[in-house]
Amino acid sequence: KPQLVASNDRFCRFLEEYCPVVTETYYPTIWCWEGRVQTLLRPFITSRPQVQYRNELIKTADGGQISLDWFDNNDSLYYPDASTRPTVLLLPGLTGTSKESYILHMIHQSETLGYRCVVFNNRGIAGEDLLTPRTYCAANTEDLEAVIHHVHSLHPSAPFMAAGVSMGGMLLLNYLGKTGRDTPLMAAAIFSAGWNVFESVESLEKPLNWLLFNYYLTTCLQSSISRHRQMLEKLFDMDLVMKARTVREFDKQFTSVMFGYRSIDDYYEDASPCRKLKSVGIPVLCLNSVDDVFSPGHAIPVETAKQNANVALVLTSCGGHIGFLEGIWPRKCTYMDRVFKQFVQAMFEHGNKIFSM
């Protein structure tokens, strides 16, 4: 049974009534219950629902561009008026795009509820060109702020939420910690965020985890920037960046330098959402598994979460990183998908009751 951590009794009662999945026993798939196995198998096991996107490129203040993939849901029976159709902004993980299976499942869940979705693809990874020598990181929220402002300006009367997965969740938390209540978002859902980057990279550098995850993730990061080599060579020694064999080495040679940090430690401190959780000013539900090697259980800020009435943590003992597989053959719906669906529906349709319960 998940551990529900929340200091606000009204938020707890609201979740128990309108998002009961967070109090139900989670039964991981019995033949792949271990966290690393869940993490490795989920991308191969889960189905990929068909989603037709409408792409939009928006310009940024520094001359760059961001690729947004819209699922307008114009056939919505519950919300036929596009101006007031609830909108969910989705933030994929470190090298993820709108094509990730977990994003497709969130859109499928939103479609059945009548909602509109828009996926924020980080710069340079969704097929679009880099117009400036700049990509993205977990700490810098400027692009996310631009996207939130843009989406809200297009649909100012539509209820607006966001959901972030892994690094997308870290970025969203860092944005919420910076803005407090000064955001058009009414609530947010966070899945498998890395709370303390120092602890995350240390966990990923253990021999087995390096072999299973770290080296592959590093090559994915290098692959995501190699297409833009000509642009990035203006500022970086790309040969040195391409020699990185861990995420920490990549961040030391590339990410921390790009965003002007004096050291990698300064970047990792700024990127760790645990340091900004006290300042979150809207209702946020965060799902983590304590066996997630990307976000070790001992680094989850339970005590800090208890100090903010807007924050609720849901902690499972199994599930890995963006895993949460359940059932004998977990092709379609995961526990994470069910938490996402119930929480966004609860907030869009009953969110005003949190403060009156």
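A word on domains before I use the term: the bounds come from an automatic or database domain assignment. The model itself is predicted. With that assignment, the protein chain splits into domain 1, which is 3-195 + 282-351, and domain 2, which is 197-271. Taken over C-alpha atoms, the centres of domain 1 and domain 2 are 24 Å apart. To the contact, domain 1 contributes 31 residues and domain 2 contributes 27 residues.

How much area is buried between domain 1 and domain 2? About 2,400 Å², with carbon and sulfur atoms giving 69% of that. On the domain 1 side, the residues that lose the most area to domain 2 are Arg36, Pro133 and Phe294, and together they make up 23% of what that side buries.

Now the polar part. Between domain 1 and domain 2 there are 8 residue pairs in polar contact, counting pairs with both residues at pLDDT 80 or more. The salt bridge count between the two domains is 1. Arginine 227 forms a salt bridge with aspartate 129, and the closest N and O atoms there are 3.6 Å apart. As for secondary structure, helix H2 (35-45) and helix H5 (167-179) are the elements that give two or more residues to the side of domain 1 that touches domain 2. The largest share of that side comes from H2, with 3 residues.

Next, helix H1, residues 9-18. Which residues of H1 are buried? They are Phe11, Cys12, Phe14, Leu15 and Tyr18. These residues cover an arc of only 160 degrees around the axis, so they sit on the same side of H1. The N-terminal end of H1 is capped by asparagine 8, where a side-chain oxygen lies 2.9 Å from the backbone nitrogen of arginine 10.

Is leucine 144 buried or exposed? Its relative accessible area is 0%, and buried means under 20%, so leucine 144 counts as buried. Leaving out residues up to four places away in sequence, leucine 144 touches Leu89, Leu91, Phe120, Leu171, Leu172 and Tyr175. Take leucine 91 from that list: leucine 144 and leucine 91 are 53 residues apart in sequence, but 9.2 Å apart in space, C-alpha to C-alpha.

That is what I have for today.

Definitions and conventions:
Residues numbered from 1 in each chain as written. Predicted model: local features only at pLDDT ≥ 70, side-chain atom pairs only at ≥ 80, totals over all residues. Heavy atoms only, no water. Buried < 20%, exposed > 50% of the residue type's maximum accessible area, 1.4 Å probe, protein only. Helix = DSSP H or I, 4+ residues; strand = E, 2+ residues; numbered from the N terminus. Arc of directions from axis to C-beta. Polar contact = N/O pair within 3.5 Å; in protein donor to acceptor, adjacent residues only side chain to side chain. Contact = heavy atoms within 4.5 Å. Buried area = accessible area lost by both parts, 1.4 Å probe. Salt bridge = Lys/Arg side-chain N within 4 Å of Asp/Glu carboxyl O.
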